[in-house]
Amino acid sequence: LEFRRVLFRSNGPKRTLAAVAKWAQHWNYAAMDVAGFAEKRAILHEHCARIGRNPAEIRTSVHVVYDAKAGFGAFVDKAKEFEAAGVDLAIAYLPSPHRADVVEGLAEAIRGN
C-alpha cells in the first residue's frame with residue numbers, strides 16, 4: 001500500500017480547488033483575509049458536492065500573522081474570525097526577530113481565550 005498526503009496551497013477556484021476536492025487531505029488558504037477564505041471554502045464545498053466527497057475530510061488551515069503594533073489581542077481576534085469562518089487550523093506566523101517574550105505572550109493570549 002502507498003499512502004500519500006496531499007497539501008494544496010493555492011486558491012484557484014476552478015482547477016486548484018477542484019483538485020483539492022478530488023485528492024487533498026489538507027488545503028492551506030494562501031491569503032490572510034477571512035472573507036476570501038469563506039468564499040473559496042464555499043467553492044471547495046461545491047466541488048466536493050459535485051463529486052460526492054464530504055468536505056469535512058479536508059482539513060483547512062491559514063497563516064495568521066502576529067503584528068507587534070496591533071498586539072496579541074488582534075492576533076487572537078483574527079484567529080477567532082477564521083475559526084468562525086470554518087478554518088480547522090490557524091498557524092501562527094511570527095515575523096523575525098523571533099523572541100521568547102513574543103512567543104510566551106502569544107501563547108498566554110491564546111490560552112486565555
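A total of 5 aromatic pairs is counted when rings of Phe, Tyr and Trp (its six-membered ring) are paired if their centres lie within 6.5 Å, with planes under 30 degrees apart taken as stacked, over 60 as edge-to-face and the rest as tilted. The model is predicted, so local features need pLDDT of at least 70 and side-chain atom pairs count only at pLDDT 80 or more, while totals for chains, interfaces and linings use all residues. Residues are numbered from 1 along each chain as its sequence is written, and side-chain values use heavy atoms, with hydrogens and water left out.

The rings of Y29 and F37 make an edge-to-face pair, with 5.7 Å from centre to centre and 75° between the planes. The rings of Y66 and F72 are stacked, because their centres are 5.2 Å apart and their planes lie at 20°. Burial was assigned from relative accessible area (buried under 20%, exposed over 50%, partly exposed in between; 1.4 Å probe, protein chains only). Y29 is buried at 5% and F37 is buried at 0%. Y66 is buried at 9%, whereas F72, at 27%, is partly exposed. Ring pairs also join W27, Y29, F37 and F82 into a cluster.

A nonpolar core is a set of buried Ala, Val, Leu, Ile, Met, Phe, Trp, Tyr and Cys residues joined through side-chain atoms within 4.5 Å. The largest such core holds 23 residues, and V20, W27, F37, L44, V62 and F82 have the most contacts inside it. Two or more residues each are given to this core by helix 1 (15–23), helix 2, strand 3, helix 3 and helix 4, helices (H or I, at least four residues) and strands (E, at least two) being DSSP runs numbered from the N terminus. Helix 2 supplies the largest share, 5 residues. Apart from neighbours within four places in sequence, V62 is in contact with N28, Y29, F37, F82, V87, L89, A90 and I91, contact meaning heavy atoms within 4.5 Å.

In helix 3, the buried residues are F75, V76, A79 and F82. Viewed down the axis of helix 3, these residues fall within an arc of 120°, so they line one face of the helix; the arc is that of the directions from the helix axis to the C-beta atoms. Their cover includes helix 2 (34–51), strand 3 (59–65), strand 4 (89–93) and helix 4 (100–111). Just after helix 3, G86 adopts a positive phi of about 110°.
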